[in-house]
Amino acid sequence: MSKKINWPSDWKEAAGEQTIAMREQKELPIKLFSSWFCPFAQRAWIAMEEKGVKYQWIEINPYEVDPSQPGGYTKKALPLSEKKKRFPGFVETSPSGLVPGLDNQGERVHDSLIVVEYIDEAFDGPALLPSSALLRAQQRKWSNYVTEAIQKHYYTMIIAQEKDTQEEFRGKFYDACRHFAQHMAPVSKGPFFLGDEFSMVDIALAPFWQRFIWVGGFYRGLEFPDDDAFTRMNVWWDAVSKRPSVANTLVCKPRLIASYKQYARNEATSNYGKMIQRNIARHKASKVKSIASGLAGKATYSRAALIAGCAASGAVGYILGMKSK
């Protein structure tokens, strides 16, 4: 495991740290380039543990280190050129410099869900995708839904600083979870997405659900509604979190929470943080334009009234660019 820097007394190594320490001990031909805190990398980690692969863990810290911070953690991304100097084998495996990356004796793959599918096909062990072509297609669909809807709404809520934006995306997050739950097998058939069968969709969501509960609860007071959809999700998480391949990747809770502090303050410069920041900016601009256009569409208006009406929403620049009647 990477060197401990400024660890508070309440940080105790959990099963995840213990797994990493074990997997780092020996040089092996199968190498998983990963980061202990990354939910995307955790997908590949869970898949490797589920399949029982003998692999070497190589820890990648893609961020600057600040010894004054707990753990030294920041979300200030290293440039790709620096990553190449520090982790040449990793960047050769994942040219974008993003975890996870998997080097299977020269066969190199990256991008979390692609890595999970590769692991399923390349190694013996329990199947992570069904044999049916239709069910496999549905696995890809719902795994992508986790990535493109559920987790993005959640991280927007975490990174946004305005209360109204946080609440809007909290609602979108809840709705996305409900939509997901409606397409899960009934509990009578088993707790997982497919029922009794643990699959790629479970792997796709599990790392993020861990963060929804731990990180979201801490920074945004996130609580799950008391309804049928979230009751189903609670049954799912209870089973998933106890599965050894998942349980063995769960790291120290306060340590994980601390690593997200800069996200919660919107201070991150990571690629992912910047992407969410751009999405928030576009969302604000769209709302502002809608407000301004609505006011401009009235039969009569004055320039001063429009500016006053839009000032609080930041639409002044949009209005000043219009011709007054």
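The end C-alpha atoms of residues 28-127 lie 23 Å apart, and this span is 37% helix and 17% strand; helices (H or I, at least four residues) and strands (E, at least two) are DSSP runs, numbered from the N terminus. UniProt lists these residues, in an unreviewed entry, as "domain: GST N-terminal". The model is predicted, so local features need pLDDT of at least 70 and side-chain atom pairs count only at pLDDT 80 or more, while totals for chains, interfaces and linings use all residues. Residues are numbered from 1 along each chain as its sequence is written, and side-chain values use heavy atoms, with hydrogens and water left out.

**Annotated spans**

- The unreviewed UniProt entry also places "domain: GST C-terminal" at residues 132-260.
- UniProt positions are given here in the numbering of the model, with feature names shortened, and annotations may be inferred rather than shown by experiment.
- Residues 132-260 are 73% helix and 0% strand, with their end C-alpha atoms 39 Å apart.

**Confidence**

- The protein chain has a mean pLDDT of 92, and 90% of its residues reach 70 or more; pLDDT is the predictor's confidence in each residue, from 0 to 100.
- Over residues 312-325 the pLDDT is below 50, and this stretch has 26 contacts in the model beyond near neighbours in sequence; contact means heavy atoms within 4.5 Å.

**Nonpolar core**

- In soluble globular proteins, nonpolar side chains tend to be buried together.
- The largest nonpolar core here has 89 residues, and L102 and F180 have the most contacts inside it.
- Such a core is a set of buried Ala, Val, Leu, Ile, Met, Phe, Trp, Tyr and Cys residues joined through side-chain atoms within 4.5 Å; buried means under 20% relative accessible area, exposed over 50%, and partly exposed in between (1.4 Å probe, protein chains only).
- Helix α8 gives the most to this core, with 11 residues.
- Not counting residues up to four places away in sequence, L102 touches I30, K31, L32, M48, T93, E107, R108, V109, V115, Y118, I119 and F123.

**Aromatic pairs**

- The structure holds 32 aromatic pairs. Rings of Phe, Tyr and Trp (its six-membered ring) pair if their centres lie within 6.5 Å; planes under 30 degrees apart count as stacked, over 60 as edge-to-face and the rest as tilted.
- W142 and F180 form an edge-to-face pair, at 6.1 Å centre to centre and 85° between the planes.
- Because W142 lies in helix α6 (residues 133-159) and F180 in helix α7, this pair ties together parts that are 38 residues apart in sequence.
- Both W142 and F180 are buried.
- Y154 and F212 form a tilted pair, with centres 4.6 Å apart and 55° between the planes.
- Y154 is in helix α6 and F212 in helix α8 (residues 200-220), so the pair links parts 58 residues apart in sequence.
- Y154 counts as buried at 0% relative accessibility, and F212 likewise counts as buried at 0%.

**Charges over rings**

- A charge sits over a ring if NZ of Lys or CZ of Arg is within 6 Å of the ring centre and within 35 degrees of the ring normal.
- The charged end of K4 sits over the ring of W7, 4.6 Å from its centre.
- K75 lies over the face of Y260, at 4.9 Å from the ring centre.

**Backbone features**

- Most residues other than glycine have a negative phi, and most peptide bonds are trans.
- V99 and P100 are joined by a cis peptide bond with omega about 5°; P100 lies in the loop between α4 (88-93) and β3 (101-104).
- Q105, a residue other than glycine, has a positive phi near 55°. Q105 lies in the loop between β3 and β4 (107-110) and counts as exposed at 60% relative accessibility.
- N266, also not a glycine, has a positive phi near 55°. N266 is in the loop between α12 (261-264) and α13 (271-296) and counts as partly exposed at 33% relative accessibility.

- K163 lies in helix α7 (residues 163-182) and counts as exposed at 56% relative accessibility.
- The C-alpha atoms of K163 and Y263, 100 residues apart along the chain, are separated by 15 Å.
- H283 lies in helix α13 and is buried, with a relative accessible area of 16%.
- H283 touches E168, F169 and K172, not counting residues up to four places away in sequence.
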